Amino acid sequence: MLRALDTERDRGVSAFEAAETSDDLDAAQVDVLGRKSPFSAIQKSLGSLDPEDRKRVGQAANDARSELQAALTARREALERLAEDALLHADRLDMSLPGRVPRVGSFHPLSIVEHELVEVFTSLGFKVAEGPEVEDDWHNFQALNIPPDHPARTMKDSLYVSVPGHPELLLRTETSAVQIRTMQAQPPPVFVVAPGRVYRRETSDPTHLPVFHQVEGLAVDEGITFADLKGTLEVVAKAMFGERRRIRLGPAFFPFVEPGCEVGVSCFRCDGVGCRVCGNGWIELLGAGMVHPAVLENCGYDSERSTGFAFGLGIERVALLRYEIPDIRMLVDGDVRLLEQFEGVA
Ligand code: DAH
């Protein structure tokens with residue numbers, strides 16, 4: 001019996017060690033230590049031995065069982081570790097693999113300039129207004145004091161749109177039409193800026209595009225004077241081009257303002273000395289003036305009570321000067337080598 005116990009112990013230990021899976025191990029456990037195993041048969045037959053032998057064989061059976069139990073536990077733990085290792089291995093993240101850097105887009109220089117301009121004006125209390133890009137003759141011209149036979153029309157080289165039932169539609173030649181729509185929609189006071197796209201029948205060259213952008217401004221209230229126009233534009237010039245900038249005004253004609261002026265700002269690059277960017281020290285920036293009484297009346301405003309100023313500025317021009325871009329067409333040809341030099345809105 002002692003020999004049989006030795007045999008069973010050795011057989012059991014090697015069976016447990018050979019188990020590759022926990023199912024194997026369960027089967028081996030039943031086989032070696034189960035109720036029908038040779039080992040259990042030996043234990044059951046202990047009762048038939050005389051006391052002296054029962055003690056020796058019983059002791060040996062207990063020792064063998066402890067050894068088998070230890071081998072079983074050790075193997076079970078080893079198998080669990082292996083399973084865990086396999087899981088970790090399957091789940092592992094290869095940190096040495098370089099990641100894919102997403103390409104981050106950037107704002108278009110025109111968007112950056114437009115956003116900055118709008119920010120300056122909204123900080124002064126102006127609201128943003130919008131109007132349609134397809135306009136009618138009245139809003140784009142007549143209400144702005146440009147009657148059908150006015151020479152200012154010829155200069156605009158307009159693009160007309162033919163829509164049955166809607167004669168005289170055109171792509172707006174200037175954002176000034178938004179002045180009219182805004183005043184028609186509300187009584188004074190009005191303080192708005194209207195950024196937007198405008199169209200002219202123009203062949204593109206280094207300084208012209210048939211589609212470009214403007215920011216229009218309009219302030220109407222009781223007691224608005226030319227001094228308000230000057231002060232506002234000076235604040236904007238400084239905010240856009242630096243605190244040291246000065247502005248200068250010269251007379252100019254626009255049918256919808258009286259008096260009208262052209263506004264220049266001292267060059268941000270040479271500070272008014274004269275350089276490659278500005279030529280003579282000044283950058284002509286925009287058109288402006290006091291809103292013509294006829295325009296106010298066209299919108300139903302009382303020109304005896306309300307006065308106002310208006311201005312219009314080209315966004316492309318500011319972007320070209322500011323970033324020293326040599327050709328306006330570079331703003332629209334979509335070359336990423338230009339675009340990726342810009343980041344975001346300040
Ligand atoms: N609409 C003019 C243009 O496109 C610019 C302009 C000039 C707008 C004077 C104004 C203004 O509001 O007062 O050339």
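Two residues are in contact here when heavy atoms lie within 4.5 Å. The model on screen is predicted.

**Stop 1: two helices side by side**

Select helix α1, residues 2-18, and helix α4, residues 51-91. Their axes are 9 Å apart, and they pack at an angle of about 5°. Angles under 35 degrees count as roughly parallel, so α1 and α4 are roughly parallel to each other.

Now show the side chains. From α1, pick Leu2, Leu5, Glu8, Arg9, Gly12, Val13, Phe16 and Glu17. Their contacts in α4 include Arg56, Val57, Ala60, Ala61 and Ala64. Further contact residues in α4 are Glu67, Leu68, Ala71, Leu72 and Arg75. Which classes make up the contact of α1 with α4? It has 11 nonpolar, 1 polar and 6 charged residues.

**Stop 2**

On the α1 side, select Glu8, Arg11, Gly12, Ala15 and Phe16. On the α2 side, select Leu25, Ala28, Gln29, Asp31, Val32 and Leu33. By class, this contact has 6 nonpolar, 2 polar and 3 charged residues.

**Stop 3: the sheet**

Switch to a cartoon view and find the strands. An open sheet is formed by 7 strands, with mixed pairing. Walk across it in the order β1-β5-β6-β10-β9-β8-β7. Which strands stand at the edges? They are β1 (127-128) and β7 (247-251). Each has a single partner strand, so one side of each is left without a neighbour in the sheet.

Next, select helix α5, residues 109-123. This helix packs on the sheet and touches β1, β5 (190-199), β6 and β10. The direction of α5 makes about 165° with that of β5.

**Stop 4: strand β6 and its neighbours**

Colour β6, residues 211-221, and β10, residues 307-314. They run antiparallel and are joined by 8 bridges. Find Glu216: its bridge partner in β10 is Gly312. Then find Val215, which stands opposite Leu313 in β10.

Turn to β5. This strand also runs antiparallel to β6, with 10 bridges between them. Here Val190 stands opposite Val220 in β6. Is β6 mostly covered or mostly exposed? It is mostly covered, with 9 of its 11 residues buried.

**Stop 5: aromatic rings**

The structure holds 7 aromatic pairs. Select Phe241 and Phe268. Their ring centres are 5.4 Å apart and their planes are at 20°, so the pair is stacked. Phe241 belongs to helix α9 (residues 226-241), while Phe268 sits in the loop between β8 (257-266) and β9 (282-291). Phe241 counts as buried at 9% relative accessibility. Phe268, at 22%, counts as partly exposed.

Move on to Tyr323 and Phe342. Their ring centres are 4.7 Å apart and their planes are at 80°, so the pair is edge-to-face. Tyr323 is in helix α11 (residues 315-323), and Phe342 is in the segment after α12 (336-339). They are 19 residues apart. Tyr323 counts as partly exposed at 26% relative accessibility. Phe342 counts as buried at 9%.

Finish with one selection: Phe121, Phe126, Phe191, Phe309 and Phe311, which form one aromatic cluster.

Definitions and conventions. Residues numbered from 1 in each chain as written. Predicted model: local features only at pLDDT ≥ 70, side-chain atom pairs only at ≥ 80, totals over all residues. Heavy atoms only, no water. Pairing = 2+ DSSP bridges. Helix = DSSP H or I, 4+ residues; strand = E, 2+ residues; numbered from the N terminus. Axes fitted to C-alpha atoms, helices over the stretch in contact; angles between N-to-C directions. Parallel < 35°, antiparallel > 145°, perpendicular 65-115°, else oblique. Nonpolar A, V, L, I, M, F, W, Y, C, P; charged D, E, K, R; others polar. Phe/Tyr/Trp six-rings, centres within 6.5 Å; stacked < 30°, edge-to-face > 60°. Buried < 20%, exposed > 50% of the residue type's maximum accessible area, 1.4 Å probe, protein only.
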